[in-house]
Amino acid sequence: MDTGLLILRLLVGLLVAGHGVQKVSFRLGGRGLAGGTEEFRADGFRGGALTAAAAGGAQLCSGLLLAAGLLTPLAATGVVGVMTVALTVKRRNGLWTQNDGYEYPLVLVGTATALAATGPGAWSLDAALGLTPFPAWWALPVLTAGLAGGLLTRLALHRQPAPA
């Protein structure tokens, strides 16, 4: 089981972190902070570069923490939060990724929540520091706080359409 959790943490955590890097730099195919800002504005967000930097930073930090298995409930909450925002952006396109839908963010929300329920496994920094095991009920506050944080972020930063 520990091997499976390690693989899952590394895969999901590093992908989420890489997505954050893309938001703020030219690495990993990113378009720099200006490109991240443009992406958020195109998706209807206000806040400019600060919004892109905060989103990129949240993805980078929560992804790296998840990959390392460090402060796993906090890391999972961050992943759920940023992917909830992504899910709300892609919701209008339906479920499937080939239509730019929310399939991928939904999988990441589910995976982060599952890792909060199972814990990071023996091959993690949480285990090395004696912070495990986490009780399975941690999944509920992780999911609740992540969803609430993502939805509140969307509500606070989304521009309202101009009246017709």
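Of the 16 residues in the largest nonpolar core, Leu66, Val79 and Met83 touch the most other members. A nonpolar core here is a set of buried Ala, Val, Leu, Ile, Met, Phe, Trp, Tyr and Cys residues joined through side-chain atoms within 4.5 Å. The model is predicted, so local features need pLDDT of at least 70 and side-chain atom pairs count only at pLDDT 80 or more, while totals for chains, interfaces and linings use all residues. Residues are numbered from 1 along each chain as its sequence is written, and side-chain values use heavy atoms, with hydrogens and water left out.

- H1, H4 and helix H5 (103–118) are the elements that give two or more residues to the core of 16 residues. Helices (H or I, at least four residues) are DSSP runs, numbered from the N terminus.
- The most comes from H4, which gives 6 residues to this core.
- Apart from this core lies another, of 6 residues, including Phe45, Ala52, Ala55 and Val89.
- Val79 touches Val16, Ser62, Leu66, Leu108 and Ala112, if residues up to four places away in sequence are not counted. Contact means heavy atoms within 4.5 Å.

- Ser62 lies in helix H3 and is buried, with a relative accessible area of 5%. Buried means under 20% relative accessible area, exposed over 50%, and partly exposed in between (1.4 Å probe, protein chains only).
- A polar atom of the Ser62 side chain is 2.6 Å from the backbone oxygen of Ala58.
- Beyond its neighbours within four places in sequence, Ser62 is in contact with Val16, Ala75, Gly78 and Val79.
- Gly150 is in helix H7 and counts as buried at 1% relative accessibility.
- The C-alpha atoms of Gly150 and Gly81 are 4.3 Å apart, although these residues are 69 residues apart in sequence.
- Gly150 touches Gly81, Thr84 and Val85, again without residues up to four places away in sequence.

- Two packed helices are described by the angle between their axes and the distance between the axes. Axes are lines fitted to C-alpha atoms, for helices over the stretch in contact, and angles run from 0 to 180 degrees between N-to-C directions.
- The axes of helix H1 (residues 2–24) and helix H2 (residues 32–42) come within 5 Å, crossing at roughly 100°. H1 and H2 are therefore roughly perpendicular to each other; angles of 65 to 115 degrees count as roughly perpendicular, under 35 as roughly parallel, over 145 as roughly antiparallel and the rest as oblique.
- On the H1 side, Gln22, Lys23 and Val24 meet Gly32, Leu33, Gly36, Glu39 and Phe40 of H2. The residues of this contact between H1 and H2 divide into 3 nonpolar, 3 polar and 2 charged. Ala, Val, Leu, Ile, Met, Phe, Trp, Tyr, Cys and Pro count as nonpolar, Asp, Glu, Lys and Arg as charged, and the others, Gly among them, as polar.
- For H2 and H3, the axes are 8 Å apart and the packing angle is about 100°, so H2 and H3 are also roughly perpendicular to each other.
- Leu33, Gly36, Thr37, Phe40 and Arg41 of H2 meet Gly48, Ala49, Thr51, Ala52, Ala53 and Ala55 of H3. The residues of the contact of H2 with H3 comprise 6 nonpolar, 4 polar and 1 charged.
- Gly32, Gly35, Gly36, Thr37 and Phe40 are buried in H2, and the buried residues of H2 pack against H1 and H3.

**Backbone geometry**

- Most residues other than glycine have a negative phi, and most peptide bonds are trans.
- Leu28, in the loop between H1 and H2, has a positive phi of about 55° although it is not a glycine. At 57% relative accessibility, Leu28 counts as exposed.
- Leu71 also has a positive phi, near 50°, and is a residue other than glycine. Leu71 lies in the loop between helix H3 (48–68) and helix H4 (72–90) and counts as partly exposed at 38% relative accessibility.
- The peptide bond from Thr132 to Pro133 is cis, with omega near 5°. Pro133 is found in the loop between helix H6 (125–128) and helix H7 (139–157).

Methods. Polar contact = N/O pair within 3.5 Å; in protein donor to acceptor, adjacent residues only side chain to side chain.
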